[in-house]
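Q: I have this one open on my screen. Walk me through it, please.

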Amino acid sequence: QVQLVESGGGLVQAGGSVRLSCAASGRTFSAYGMGWFRHAPGKEREIVAAINWSGMNTYYADSVKGRSTISRDNAKNTAYLQMNSLKLEDSAVYYCAAGSTHYRSSPATGLREYAYWGQGTQVTVSS
């Protein structure tokens, strides 16, 4: 069974930064892509960023492109999401997810392409 544990959320002022971490266990972390999603009240869960198994290919939603970086450390079985210049609309519960297809070249962007999910970490951006 794969376990994903997010950390790093909290209360941040607008314009600030946050770095989310996702520690994985239970299978070969380095063989699968990872994704970060977020879910705000009244909205659907949406993709924020994704990274393929090697870390060479990434994807960003337009809403965070240019101010966010997804990365992974396969030696530490951990994925990261660095978000800068935070906006009020970035407030949400952030979830990391592990892909279901090993050695997939392109980052997966659909919810159904992920087999395992973390419990989520709250990011609240204040004015």
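A: Terms first. Strands (E, at least two residues) and helices (H or I, at least four residues) are DSSP runs, numbered from the N terminus. Two strands pair if DSSP finds at least two bridges between them.

Q: Fine. And the ground rules?

A: The model is predicted: local features need pLDDT of at least 70, side-chain atom pairs count only at pLDDT 80 or more, and totals for chains, interfaces and linings use all residues. Residues are numbered from 1 along each chain as its sequence is written, and side-chain values use heavy atoms, with hydrogens and water left out.

Q: How many helices and strands does the protein chain have?

A: Zero helices and eleven strands.

Q: What is its radius of gyration?

A: It is 13 Å, close to the 14 Å from the globule rule for 127 residues, so the chain is as compact as a globular protein of that length. The radius is taken over C-alpha atoms, and the rule is 2.2 Å times the number of residues to the power 0.38. Along the principal axes, the C-alpha atoms fill a box of roughly 40 × 30 × 25 Å.

Q: What share of the residues is buried?

A: 43% of the 127 residues. Buried means under 20% relative accessible area, exposed over 50%, and partly exposed in between (1.4 Å probe, protein chains only).

Q: And among contacts at least 6 apart in sequence, what share is at least 24 apart?

A: 61% of them join residues at least 24 apart. A contact means heavy atoms within 4.5 Å.

Q: On to the sheets. What is the strand order in the open sheet of four?

A: β1-β3-β8-β7, with antiparallel pairing. β1 (3-7) and β7 stand at the edges with a single partner strand each, so one side of each has no neighbour in the sheet. The twist averages 15 degrees from one strand to the next. Axes for that are lines fitted to C-alpha atoms (for helices, over the stretch in contact), and angles run from 0 to 180 degrees between N-to-C directions.

Q: How many bridges join β1 to β3?

A: Five, with β3 spanning residues 18-25. Leu-4 stands opposite Ala-24 there.

Q: And β3 to β8?

A: Six bridges, again antiparallel. Cys-22 has Ala-79 of β8 as its bridge partner. Six bridges join β7 to β8.

Q: Is β8 largely enclosed or open, and why?

A: Largely enclosed by the rest of the structure, because five of its six residues are buried.

Q: New topic. How many salt bridges are there?

A: Five. The criterion is a side-chain nitrogen of Lys or Arg within 4 Å of a carboxyl oxygen of Asp or Glu.

Q: Which residues are linked in a network?

A: Arg-38, Glu-46, Arg-67 and Asp-90. Arg-38 pairs with Glu-46, with 2.7 Å between the closest N and O atoms. Arg-38 is buried at 6% relative accessibility, while Glu-46 is partly exposed at 34%.

Q: Where do Asp-90 and Arg-67 sit?

A: Their salt bridge is 2.8 Å, N to O. It links distant parts of the chain, 23 residues apart: Asp-90 is in the loop between β8 (78-83) and β9 (92-102), and Arg-67 is in the loop between β6 (58-60) and β7 (68-73). Both residues are buried.

Q: What about Glu-113?

A: Glu-113 meets Arg-104 in a salt bridge at 2.7 Å, N to O. Glu-113 is partly exposed at 27%, and so is Arg-104 at 28%.

Q: Does Asn-52 count as buried or exposed?

A: Buried, at 3% relative accessible area. Asn-52 sits in the loop between β5 (46-51) and β6. A polar atom of its side chain lies 3.0 Å from the backbone oxygen of Ser-105. Its contacts, leaving out residues up to four places away in sequence, include Gly-33, Arg-72 and Arg-104.

Q: Last one: Leu-11. Which strand?

A: β2 (residues 10-13). Leu-11 is exposed, at 65% relative accessibility. Its C-alpha is 6.1 Å from that of Val-123, 112 residues away along the chain. Beyond four places in sequence, Leu-11 touches Thr-124 and Ser-126.

Note on methods: Polar contact = N/O pair within 3.5 Å; in protein donor to acceptor, adjacent residues only side chain to side chain.
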